[in-house]
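These notebook entries record what I looked up in one protein structure. I kept them in the order of my reading.

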Amino acid sequence: MKKKYFFLCLCVLLLTGCNATYELDIKEDVFTEKIQINDMNIDENTKEIYLTNPMPVDYRESCYLDYDRLVKPNEVEKKSGVDYYNIKNTASGLEASAKINIDQYQYSRPLNYAFVNMHVNNYDNYISIYGFDGPAIFNMYNNLTSFDVIITTDKDVTDHNADEVQGNKYSWHFTKEDTEKELYIEMDSTRIMQEKEKEKNEELQTKIVYIIFISLVVIAGLALFIIKIKHHRNNKI
C-alpha cells in the first residue's frame, strides 16, 4: 500500500516529467515543511481533486487519495486531532505546507516516503535527520527527473553530508542515478537557546546603557537649567 500510493501520499499526482523540491525550515521548536511540484502539466479537473482532498501530515494516517477517488473524486472529511497540509496552486504547479513540532516531524509524510529508510531522532540535546539506503522516490515514480531537499535551521549544525551550504541553508540534490545516496544532518538543539540567552543579555545591557545615558543627559540638562535660572535671578538682584 505504501509503495502503491507513494507519491499520491507525498503531495500530488505527477503526470509528466518534472522535479520536486522539499523544504524544511527549523526555528526553535517549529518545523515548517513545504513541498513543491514544479513544471507540471496537469489539467484543472485533476488539480481540483488534490486541492479539495486533505492530506494528513502523519504518514501513518490512511492515504488521502486512492484510485477510486481519483476516478470518481469525493471530498475526504478531515479527522479531529489530525494535522493536514495546506495545498495551493503556484505558478509552476502545486505546493503543500505545514507547521509541526519535532514529535510530529518524525512521522512526516514526505521524507518518510522519499527514502527507503528514514530516521528522525531527538536525543541528548541533539536532533538528527537521516534518510538512507537511497531515495525511493525515483523507483516509485519514473517520471520524476530530480528531487531537491533544502533544510534551513537556526540551530548549530554539528554534522551533515549536504551537497551545498549557504549560511544556515543545507541542500541535497538527488537524481535517478543516486541509488545509494543518503541525507544526513545533525544539530545541537541547545546551542540556539544559549545564543538567544546571550542575545537577550546583550539587549538588556544595551538598554541599561541607553537608560543611564538618557538619565545623565536629563540630569545634566536639569542642572544647566537650574544654574541658568539662578544666574538670571542673581543678575536681577
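**Entry 1: the open sheet**

In what order do the seven strands of the open sheet lie? I read the order as S3-S4-S2-S1-S7-S10-S9, with mixed pairing. I noted that the model is predicted: local features need pLDDT of at least 70, side-chain atom pairs count only at pLDDT 80 or more, and totals for chains, interfaces and linings use all residues. Residues are numbered from 1 along each chain as its sequence is written, and side-chain values use heavy atoms, with hydrogens and water left out.

I then looked up the terms. Helices (H or I, at least four residues) and strands (E, at least two) are DSSP runs, numbered from the N terminus. Two strands pair if DSSP finds at least two bridges between them.

At the edges of the sheet I found strand S3 (86–89) and S9, each of which pairs on one side only. From one strand to the next, the twist averages 15 degrees; the axes behind such angles are lines fitted to C-alpha atoms, for helices over the stretch in contact, and the angles run from 0 to 180 degrees between N-to-C directions.

**Entry 2**

I followed S1 into strand S2 (residues 30–38): the two run antiparallel and are joined by nine bridges. They form a hairpin with two residues between them, and Glu28 in the turn has a positive phi of about 55 degrees. Ile26 has Phe31 in S2 as its bridge partner. On S2 I also found an antiparallel pairing with strand S4 (residues 94–100), over seven bridges. There Glu33 stands opposite Ala98 in S4.

How many bridges pair strand S7 with strand S10? I read seven bridges, in the antiparallel sense, between S7 (residues 144–153) and S10 (residues 169–175). Asp148 stands opposite His173 in S10.

S10 is also joined to strand S9 (residues 164–166), by three bridges in an antiparallel run. Glu164 stands opposite Ser171 in S10, and Gln166 has Lys169 as its bridge partner. S9 and S10 form a hairpin with two residues between them, where Gly167 in the turn has a positive phi of about 65 degrees.

Of the 237 residues of the chain, 41% count as buried. In soluble globular proteins, nonpolar side chains tend to be buried together.

A nonpolar core is a set of buried Ala, Val, Leu, Ile, Met, Phe, Trp, Tyr and Cys residues joined through side-chain atoms within 4.5 Å. The largest one here has 38 residues, and those with the most contacts inside it include Tyr105, Phe147 and Trp172. Strand S1 (residues 18–27) gives the largest share of this core, five residues.

Which residues does Tyr105 touch, leaving aside its neighbours within four places in sequence? Among them I listed Tyr22, Leu24, Phe31, Glu33 and Leu111, where contact means heavy atoms within 4.5 Å. In the chain, residues 24 or more positions apart account for 63% of the contacts with a separation of 6 or more.

**Entry 2: aromatic rings**

Rings of Phe, Tyr and Trp (its six-membered ring) pair if their centres lie within 6.5 Å; planes under 30 degrees apart count as stacked, over 60 as edge-to-face and the rest as tilted. By this rule I recorded seven aromatic pairs. Phe115 and Phe174 form an edge-to-face pair, 5.3 Å centre to centre with 80 degrees between the planes. This pair links distant parts of the chain, 59 residues apart: Phe115 lies in strand S5 (residues 115–123) and Phe174 in strand S10.

Are Phe115 and Phe174 buried or exposed? Phe115 counts as buried because its relative accessibility is 1%, and Phe174 is buried with a relative accessible area of 1%.

A charge sits over a ring if NZ of Lys or CZ of Arg is within 6 Å of the ring centre and within 35 degrees of the ring normal. The charged end of Lys181 sits over the ring of Phe174, 5.0 Å from its centre. I also noted a cluster of Tyr59, Tyr107 and Tyr113, linked by ring pairs. Over the ring of Tyr107 sits the charged end of Arg60, 3.4 Å from the ring centre.

Terms used
Buried < 20%, exposed > 50% of the residue type's maximum accessible area, 1.4 Å probe, protein only.
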